[in-house]
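Please open the structure in a viewer and keep the sequence at hand.

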Amino acid sequence: MTKQKVTFFWFRRDLRLDDNVALFHVMQSDYPVIPLFIFDEDILENLPKNDARVAFIYDSLEKVNQELHATDSSILIKKGKTLDVWKSLLSTYNIQQIFFNKDYEPFAIKRDLAIQELAKQNNIEVFPFKDHVIFEEKEITKSDGLPYTIYTPYKNKWLEKYHLTGQALEYDTKPFLKNFIKQQFPFPDLSEIGFEKSTIKVLPHNLTQIANYKETRDFPALDSTSYLSPHLRFGTVSIRKLVNWANKKNQTFLSELIWREFFIQILFSFPNVVNHNFKSAYDGIQWHNNEDDFKRWCSGTTGYPMVDAGMRQLNETGYMHNRVRMVVASFLCKHLLINWQWGEAYFAEKLLDFELASNVGNWQWAAGTGCDAAPYFRVFNPEIQQKKFDEKGIYIRKWIPEFDLGYYEPMVNHAFARDRAIETYKRGIIK
Ligand SMILES: Cc1cc2nc3c(=O)[nH]c(=O)nc-3n(C[C@H](O)[C@H](O)[C@H](O)COP(=O)(O)OP(=O)(O)OC[C@H]3O[C@@H](n4cnc5c(N)ncnc54)[C@H](O)[C@@H]3O)c2cc1C
């Protein structure tokens with residue numbers, strides 16, 4: 001029997017039908033289109049069974065599937081090592097084309113190159129698109145073509161280019177959704193993928209308070225930020241729609257979205273930042289890396305309420321307010337002299353919005369080892385941070401209910417730790 005010629009649309013970090021670039025283009029294909037998602041075993045095997053991010057991906061796919069039902073189509077869900085899954089699809093279908101949106105992480109680039117090679121061997125056309133960012137790869141560079149490593153000139157160039165086009169083009173996919181293949185694929189239970197529901201949930205994003213973003217964003221008790229980060233990570237919202245909206249509503253908020261793209265382009269241009277200091281001059285720092293100290297930091301029992309509240313918020317909810325992320329990261333690297341990579345790995349395990357580019361970028365910023373980083377001699381005082389940003393202790397009491405019963409002594413004296421950090425950095429920095 002001859003196999004039907006088909007085109008595949010491969011969902012990855014773009015779990016939505018609305019304003020999705022590759023999806024818009026696949027709908028112009030001459031062949032019936034099969035929407036596909038692969039639960040990649042290479043990623044899943046390192047995660048706990050109740051990982052909240054897997055549950056969020058699952059719920060988002062279920063939502064996409066419901067929307068597809070309205071057009072008598074459905075999503076094909078597979079689980080396995082990506083290359084193996086594609087090989088088995090090749091034996092089932094006569095695949096003509098594969099469409100997907102690009103992912104700029106080193107692991108994903110390598111994975112996609114392998115799939116492209118397999119496609120080439122089988123005469124399949126592959127169409128990758130830009131969807132995850134406004135400007136990708138080498139679209140924003142210095143006049144000599146090299147990548148920016150300082151945020152402000154990057155942002156200026158980004159804005160200049162954005163305003164040149166008026167706004168980011170949005171893609172209305174609705175009229176074309178009927179072009180998906182009319183077939184009902186079974187939708188597996190989460191348990192069939194090897195996972196279970198989590199008590200930790202991704203919250204809906206909230207843009208109601210963005211008008212006052214500049215004034216309120218640094219105060220964790222106000223809880224006034226957008227909660228967009230996991231949605232941007234998994235593509236349940238469109239960055240183009242968001243940026244066009246932010247440009248009209250609030251420039252400070254837009255600047256934060258540009259920070260996200262800045263770190264994505266840093267990771268793309270300098271992929272070894274994942275495991276190395278961006279500034280190799282900092283390679284000589286003698287980290288103490290004390291495991292007991294690290295455990296106290298992880299469990300939120302350092303005796304510094306702002307640090308402990310942040311870590312407990314992270315452990316209980318998978319989220320931590322940005323101001324507090326800066327305080328806990330600085331505390332780990334500078335007060336405890338623990339290598340930023342330990343903190344980065346702990347955040348990667350816990351954060352619902354974990355994204356390699358932003359996590360590595362911000363950790364290296366806090367440690368002073370990154371591009372455009374906080375200077376090494378800037379050591380946040382956790383008590384002053386608390387006085388400035390949580391004066392009435394509302395945030396602290398929310399996450400440390402026993403706070404008023406008498407709290408732990410700080411595990412290390414601030415003045416001592418500050419001097420020790422500056423001295424250690426000074427000694428370690430290679431001139
Ligand atoms: C040590 C450390 C680690 C971090 N790790 C991550 C991470 O793994 N994933 C992640 O998405 N963000 C990370 N951030 C950045 C920031 O803390 C979160 O993006 C933000 O707290 C998410 O909440 P929100 O969506 O309510 O933010 P909002 O304040 O509403 O900001 C809107 C969006 O702007 C972007 N943004 C804001 N601040 C930053 C920033 N400093 N760097 C890059 N993008 C930014 C995010 O996409 C965010 O969703 C980290 C920050 C620090 C200090």
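Contact here means heavy atoms within 4.5 Å. The model is predicted: local features need pLDDT of at least 70, side-chain atom pairs count only at pLDDT 80 or more, and totals for chains, interfaces and linings use all residues. Residues are numbered from 1 along each chain as its sequence is written, and side-chain values use heavy atoms, with hydrogens and water left out.

Begin with asparagine 250, in the loop between helix H9 (239–249) and helix H10 (251–269); helices (H or I, at least four residues) and strands (E, at least two) are DSSP runs, numbered from the N terminus. Apart from neighbours within four places in sequence, asparagine 250 is in contact with Ile210, Ala211, Tyr213 and Lys214. Its relative accessibility is 9%, so asparagine 250 counts as buried (under 20% relative accessible area, with a 1.4 Å probe and protein chains only).

Next, select methionine 411, in the loop between helix H17 (394–399) and helix H18 (414–428). Residues up to four places away in sequence aside, methionine 411 touches Asp293, Arg296, Thr302, Phe331 and Leu336. Histidine 335 lies 76 residues from methionine 411 in sequence, with 9.7 Å between their C-alpha atoms.

Finally, display the open sheet, in which five strands take the order S3-S2-S1-S4-S5 with parallel pairing; two strands pair if DSSP finds at least two bridges between them. Strands S3 (76–80) and S5 (125–129) stand at the edges with a single partner strand each, so one side of each has no neighbour in the sheet. Within the sheet, S1 (residues 5–11) and S4 (residues 94–101) run parallel and are joined by six bridges. Select tryptophan 10 to find phenylalanine 100 of S4 opposite.

Definitions and conventions
Buried means under 20% relative accessible area, exposed over 50%, partly exposed in between (1.4 Å probe, protein chains only).
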